[in-house]
Amino acid sequence: MRSVVSLRRLLPFFSPHSRRRGKGRKVSDMFGEAGREREDLNKWQGLEHEFRVGISSESPELYRYARFYHVDEVIHALENYTFFDGERAVSTKLCRRNDGFLRNGSRIYICTGGHLEIATPECKNAFEVLKYDKASEIYMQIGVEEANKKYKKMRRGSREASIQAWKANVELDKRYSRGTHESYVVERKRYVGKEHLFIPFLVLRKIFFGAGGFIAEREGIVYVISPKAMVARRVFTESPSQWPILSSRDEPLTTKDKYRVHVTSGEGVRSEVTRLVNNAITSFVLSAIEAGKIRHVEDIWNPLQTFKDISANISGDWWIRLRNGRKVSALEYIESYYLEPIEELFEEREASYWDKYALNTFKKLCEKFHQGLIEDKYVVRRVEWVLKLWVITHEIDEFEYKCSPRGKFDYRSMYLMDEKLEKQIAASFDFTNLCDYDLYERVADRIGVERILTDEDIAEALLFPPKNSRAELRMRLASEFKNAAVGWNKITMKREPKVQIELTRPGTEEYALLFERYPELARMPNAMVVFLREGRGRGGEPSRQILVRLLAEEDEISGWEEEIIREIRSRISRNPYLDYLLYANNKTYRFDELDGWNEETIQRKIEEIKRSEGCEEDEEDEEEDAEGSEEGCIFTRERATRVSRSESVSHEDEDESEEDEEQQRRRGGSSSGSGSGGGRVGRSVGGYSGLRRWLGRTYLMI
């Protein structure tokens with residue numbers, strides 16, 4: 001039984017030098033008859049999976065939906081987790097909350113709908129996708145395990161419950177669904193406009209690659225080949241939120257001559273063979289379309305309905321209707337229009353061990369299905385939906401399940417089911433559980449499920465990005481530039497503009513300029529104003545400075561300078577009208593190319609960015625020396641430079657006249673011009689929280 005515990009025992013002995021090459025090709029087979037290297041079947045691809053995160057109980061599988069507010073706890077637990085070598089699980093964060101890259105190049109974030117999603121790094125082939133998909137399961141196990149340490153302490157004394165994670169896409173109620181998206185990079189000019197050749201394959205491939213599971217239909221709760229197929233709403237549309245079979249969104253995340261094929265009808269599976277063969281055969285079909293091997297396929301009548309009909313039929317007699325009215329076998333359709341072109345492609349391309357394994361397995365499964373041998377041991381050990389059906393039918397006695405009283409958010413309150421069906425549904429969900437109730441790992445070895453990966457393969461994918469990939473460059477850049485924001489194909493250097501705080505009041509001429517441009521200031525003579533000064537540095541780069549004028553006396557802020565500037569920065573970042581000030585000076589470096597990255601080119605890119613950043617830092621230092629300024633926040637009593645018409649100004653304050661301010665000062669109040677009392681800041685405000693309250697009622701602009 002494979003688990004995170006067994007992998008942790010292996011990790012301390014695993015180093016970059018021990019990374020396995022896997023089964024490759026012979027040098028003598030790399031060249032064709034002409035003596036030149038043949039093109040291989042590698043295709044850049046990746047996988048995104050939204051995990052089900054929720055709370056276990058005596059009947060955890062029958063909750064109507066997962067409780068998404070525990071997603072934050074899992075991500076935070078991973079952010080604080082450190083491996084044996086001192087490296088954190090989450091190596092870098094993006095600008096947004098709960099969004100970053102794991103140390104192996106995968107991205108972890110909360111997607112639309114509040115689901116926790118992990119996207120694998122850019123992988124060259126299906127075998128690498130399989131490795132990093134399994135690594136994402138281990139990361140989820142670690143995150144849940146660490147989150148439960150804190151969660152169980154908080155719930156001390158209450159009934160036993162814990163956070164769990166499932167790799168399930170669809171609940172019994174089809175309204176609640178999570179996605180598994182596959183991405184394949186193709187040549188734009190060779191693919192765009194040929195999507196009609198690809199869609200029939202996506203409609204029919206569920207026969208081999210469905211995840212299996214229960215869903216609620218009008219006639220009752222039924223087991224289907226693909227729960228995800230049963231919730232599809234479109235065939236081909238742009239937005240993944242409309243649950244299409246294939247998305248038309250043009251977001252390549254690479255160079256413009258490439259196109260990212262975004263398959264939104266994928267499913268999360270536990271079977272290693274199912275995942276490998278699914279991605280491999282799909283990439284072969286796309287390569288055959290690009291190469292012109294697939295030029296014509298018969299159109300399927302109503303592809304969306306056929307998609308669902310195929311999934312609902314677990315008997316094995318799969319027939320489809322074509323647009324011309326003919327009925328044909330789904331297996332014969334796949335073999336004639338897709339399998340034969342793939343075999344032609346193999347004759348021309350260099351195939352790796354795993355390429356040949358995937359094709360041979362696919363052909364063997366076609367043969368078994370033709371013979372009606374769905375419950376054959378070869379099929380059960382390799383096809384996920386058949387394996388899951390076998391487990392809940394023949395291994396159900398090994399599954400421990402205790403029926404509990406029905407709860408408020410319980411499927412049993414919505415649908416009729418006896419104890420046997422209830423136990424089967426629970427076992428089906430536990431088959432996808434990645435934590436304490438992992439039924440798949442409990443029965444896999446006993447049934448003889450075929451495994452492809454070794455513990456060393458998964459350990460490598462857990463700790464390192466794919467070798468000679470853009471993901472390796474990305475993580476190297478993240479380690480070199482700690483304060484930078486890293487994306488899939490870019491790195492942004494954060495350059496916050498200098499903040500200068502003035503304690504003097506604007507002069508008459510400054511007020512006149514402000515009133516002319518912002519008439520509403522005439523009703524707020526004591527407004528605090530933020531100026532954004534823009535200019536050009538010596539290198540021609542934009543130079544910006546934020547000027548904050550505090551309407552207060554110097555002794556009121558004495559000793560609180562750093563706290564004030566930190567609070568002001570925080571409030572600027574939270575203000576949607578002002579937050580651009582903090583990243584207006586940022587500079588972004590792109591690395592769109594997917595190919596060509598190795599140790600030499602990666603190091604060259606790092607040095608290039610270092611040189612660029614070094615030159616600009618030198619120019620900024622020279623400007624600071626010339627101006628006689630200091631680093632960071634600057635407090636001054638000097639008269640501020642008048643505001644030009646080109647400066648951008650933001651403001652907000654309370655209506656209060658100069659007479660009210662003078663009366664308040666005589667009473668010993670604040671000289672800040674606040675209409676809400678204010679009071680002196682000093683050390684008597686009650687610490688930093690008191691400072692926040694003082695700023696909150698005195699300076700409402702930020």
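## Around A89

Setting aside neighbours within four places in sequence, A89 is in contact (heavy atoms within 4.5 Å) with L78, Y81, F83, F101, L102, R103 and Y139. The C-alpha atoms of A89 and Y139 lie 8.2 Å apart, although 50 residues separate the two along the chain. A89 belongs to the loop between α2 (71-79) and β2 (90-93); helices (H or I, at least four residues) and strands (E, at least two) are DSSP runs, numbered from the N terminus. With a relative accessible area of 0%, A89 is buried. Here buried means under 20% relative accessible area, exposed means over 50%, and partly exposed is in between, using a 1.4 Å probe and protein chains only.

## What kind of model this is

This is a predicted model, in which local features need pLDDT of at least 70 and side-chain atom pairs count only at pLDDT 80 or more, while totals for chains, interfaces and linings use all residues. Residues are numbered from 1 along each chain as its sequence is written, and side-chain values use heavy atoms, with hydrogens and water left out.

The average pLDDT (the predictor's confidence in each residue, from 0 to 100) is 78 for the protein, and 67% of the residues score at least 70. Residues 20-35 stay under 50 in pLDDT, and the model gives them 20 contacts beyond four places in sequence. A further stretch, residues 627-702, has pLDDT below 50 and 176 contacts in the model beyond near neighbours in sequence. Where pLDDT is low, the predicted coordinates should not be read in detail.

## The overall picture

The protein has 24 helices and 22 strands. Of its 702 residues, 56% are buried. Among contacts with a separation of 6 or more, 72% are between residues 24 or more positions apart.

T180 sits in strand β7, which covers residues 180-187. The residue counts as buried because its relative accessibility is 0%.

## Helices α5 and α10

Two packed helices are described by the angle between their axes and the distance between the axes. For α5 (residues 195-204) and α10 (residues 330-348), the axes come within 11 Å and cross at roughly 145°. Axes are lines fitted to C-alpha atoms, for helices over the stretch in contact, and angles run from 0 to 180 degrees between N-to-C directions. The crossing of α5 and α10 is left-handed, meaning that the near helix is turned anticlockwise from the far one by less than a right angle; clockwise would be right-handed.

Which residues of α5 and α10 meet? From α5 come L197, F198, P200, F201 and L204, and from α10 come A330, Y333, I334 and Y338. By class, the contact has nine nonpolar, no polar and no charged residues. Ala, Val, Leu, Ile, Met, Phe, Trp, Tyr, Cys and Pro count as nonpolar, Asp, Glu, Lys and Arg as charged, and the others, Gly among them, as polar.

## F369 in helix α11

F369 lies in helix α11 (residues 353-370) and is buried, with a relative accessible area of 3%. Leaving out neighbours within four places in sequence, F369 is in contact with I207, F208, W318, L331, I374 and V379. The C-alpha atoms of F369 and F208 are 9.4 Å apart, and the two residues are separated by 161 residues along the chain.

## Helix α15 from start to end

At the start of α15, a side-chain oxygen of D438 reaches to within 3.3 Å of the backbone nitrogen of Y440. The buried residues of α15 (residues 439-447) are L439, Y440, E441, V443, A444 and I447. They pack against α8 (272-290), α12 (377-380), α13 (384-394) and α14 (419-430). Just after the helix, G448 takes a positive phi of about 90°.

Conventions:
Polar contact = N/O pair within 3.5 Å; in protein donor to acceptor, adjacent residues only side chain to side chain.
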